Amino acid sequence: MALDGMTIHVLTMELSASLLDKRISKISQPEPEQLLFTIKQARGTIRLLISANPSLPLCYLTSENKTAPDKAPNFCMLLRKHIANARITGISQPSGERVICIELEHLDELGDRRQKKLYIELMGKHSNIIFCDEEDKIIDSIRRVTAEVSSVREVLPGRDYFIPKQEGKLDPFTVTKEGFCLAITRKPIALKKAIYGSLTGFSPILAEELCYRAAVDSDASTASLKEKHLEALYSAFCSIMEEINAGGHPSIVYEPGSEQPIEYGPVKYTLYPDKKLVSLNSMSQVLLTYFRQKEIFTAMHQRSTDLRKIVQTLISRNAKKLDLQEKQLKDTEKMEKYRLYGELLQAYGHSIPEGSKKAKVLNYYTNEEIEIPLDDTIPAIKNAEKFFDRYQKLKRTKEELTGFVEETRSVLDHLLSIRTSLDMAENTADLDGIRLEMEEAGFIHKKSKTLKKREEKSRPLHFITENGFDILVGKNNYQNDQLTFHTANGDDIWFHAKKMPGSHVILKKDGKEIPDEEYEIAAEVAGYYSSGRDNDKLEIDYVEDKQVKKPKGSAPGYVVYYTNYSITIHPTLLRVKEIKE
């Protein structure tokens, strides 16, 4: 998830192909640290968006316009003065760094040709857009950096522009085999760290990809590498660089069956065999798509933050409550001992001298002698009554606690299932359904009378296998109940992760004979939509839907079944296709 040097190299090639010899027709500054260049072409208009925002530095081509403020900021006015209608004469990436240099030719006030350079630095918190003359003297920048801010480099008008050198790093475009092997083995550290710490432009994820292609453990120490490992690593490095030099394979990695992106890059990642890889036409399209979709899921997570906090607090509280209740219940196991002491003292009390602190008597149930502690201030018969009182008290406690433990455990299970539903929520309607469930369970106060109506917008997930079998998945406990007891037919097959929160999953039979493979696929889906999604192996229960029962008064989503089959699978959605409804 890094805008590394290799990504920028592919982006630079793309910008060169699209913008070289084109003229800038408009310059705007939509945000304080963002520029938008409009370039008119024979076939429409293209725009270059540049952002030096420290939290999200970006640069990509787009067809979308952005509204700019009525009064242009000073930096924007400066650029308009110098390079309005300038021709783009060169686009390059200096030394594989996270920097793009755009060379521009324009006419000055006297009509003479002049050269300018715009350096786009995409370096996280050090990101900047720096405008220089042909001698690399800084004219100005979108963010000025004084000596108080950085002791390494000032970015101020009149200063010389330079890129701080990364000591000990090699240029991946010129490094030799000998230099590559020497660089990654010079220090005994984790291999992936040695790779991205030795090669300019390589991010940790690209280092992981290199190790994966070479079939070498990325966490292994470089000191353990043998000649065959170095050969495999250099071969994998060469394959990645060939891919980069050929324009790369801009792509996004998604969770299977989801629009949630988890990674992007300039190459086809092979280290995610269980994820979905989508290749796009350009790096610009990748960046635009990735961050737009990421923003949607981030916004969803933020909207659900209040519910997550409430659920997590209630889970912690009920887990502590259950632990205390179970300890108290365990203490009641002593009651049978007290009952036995009382019986034996009643039987042998007449032979026990007064003032005794203990009594050794025969346990007529086991024919073994046991020792009973006594209160020496009262007779043995009174001690018997005392033990019977303790027995009765613990018996009543056990009866009450048993009900409390079951109630607390039920509430905790319900909360854990709600937490799993929150992880699956994809839109506002899903959150509304969860909020409604929490209101009706008494976990939160009722706020809205319209949630029931809005819940209708949320629908269960629908997948289809290659053989045409439908698989339905509940996204919350209301949908689980609806699927299991209303949507499914009695002979449909019901799936659920064993002994953990998860979705009810229905494999529709529709009068057809179901091949064994379809059971495996449906079980994989049930595993994926459970709290055990990240497990390598997971046990899934399955049974005919008519065998699943709902106890009266139980929480939404809670069911019981007494006969079932089980199957062990790896949770994934790779063998199904989602149907959008």
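**Before you start**

This is a predicted model, in which local features need pLDDT of at least 70 and side-chain atom pairs count only at pLDDT 80 or more, while totals for chains, interfaces and linings use all residues. Residues are numbered from 1 along each chain as its sequence is written, and side-chain values use heavy atoms, with hydrogens and water left out.

**Stop 1: confidence**

Colour by pLDDT, the predictor's confidence in each residue, from 0 to 100. The chain has a mean of 90, and 97% of its residues reach 70 or more. Now select 450-456. Here the pLDDT is below 50, and the stretch has 14 contacts in the model beyond near neighbours in sequence. A contact means heavy atoms within 4.5 Å. Where pLDDT is low, the predicted coordinates should not be read in detail. Among the elements, helix H12 (451-454) has the lowest mean pLDDT, 46. Strand S18 (505-507) has the highest, 97.

**Stop 2: the sheet**

Show S15 to S21. These 7 strands form an open antiparallel sheet in the order S20-S19-S17-S18-S16-S15-S21. Two strands pair if DSSP finds at least two bridges between them. S20 (565-569) and S21 (576-578) are the edge strands; each has a single partner strand, so one side of each is left without a neighbour in the sheet. On average, neighbouring strands are turned by 30° against each other, direction ignored.

Walk along some of the pairings:

- S15 (461-465) and S21 run antiparallel, joined by 3 bridges.
- S15 and S16 are antiparallel too, with 4 bridges. Pick Ile464: its bridge partner in S16 is Asp470.
- The hairpin of S15 and S16 has 4 residues between the strands, and Gly468 takes a positive phi near 85° there.
- S16 and S18 run antiparallel with 3 bridges. Ile471 stands opposite Leu507 in S18.

**Stop 3**

Axes are lines fitted to C-alpha atoms, for helices over the stretch in contact, and angles run from 0 to 180 degrees between N-to-C directions.

**Stop 3: the largest pocket**

Select Gln260, Leu422, Asp423, Met424 and Arg533. Of the 28 residues lining the largest pocket, these are the closest to its centre. Its volume is about 650 Å³. On a 1 Å grid over the protein atoms alone, a pocket is an open set of points where a 1.4 Å probe fits, with protein on both sides within 12 Å along at least five of seven lines; lining residues have an atom within 4 Å of a point. Grid points are joined across faces, edges and corners, and a volume is the space filled by probe spheres set on the points. H10 supplies the largest share of this lining, 6 residues.

**Stop 4: the second largest pocket**

Move to His496, Met500, Gly557, Tyr558 and Val559. They lie nearest the centre of the second largest pocket, which 25 residues line. The volume here is about 540 Å³. H10 again gives the most to the lining, with 5 residues.

Terms used: Helix = DSSP H or I, 4+ residues; strand = E, 2+ residues; numbered from the N terminus.
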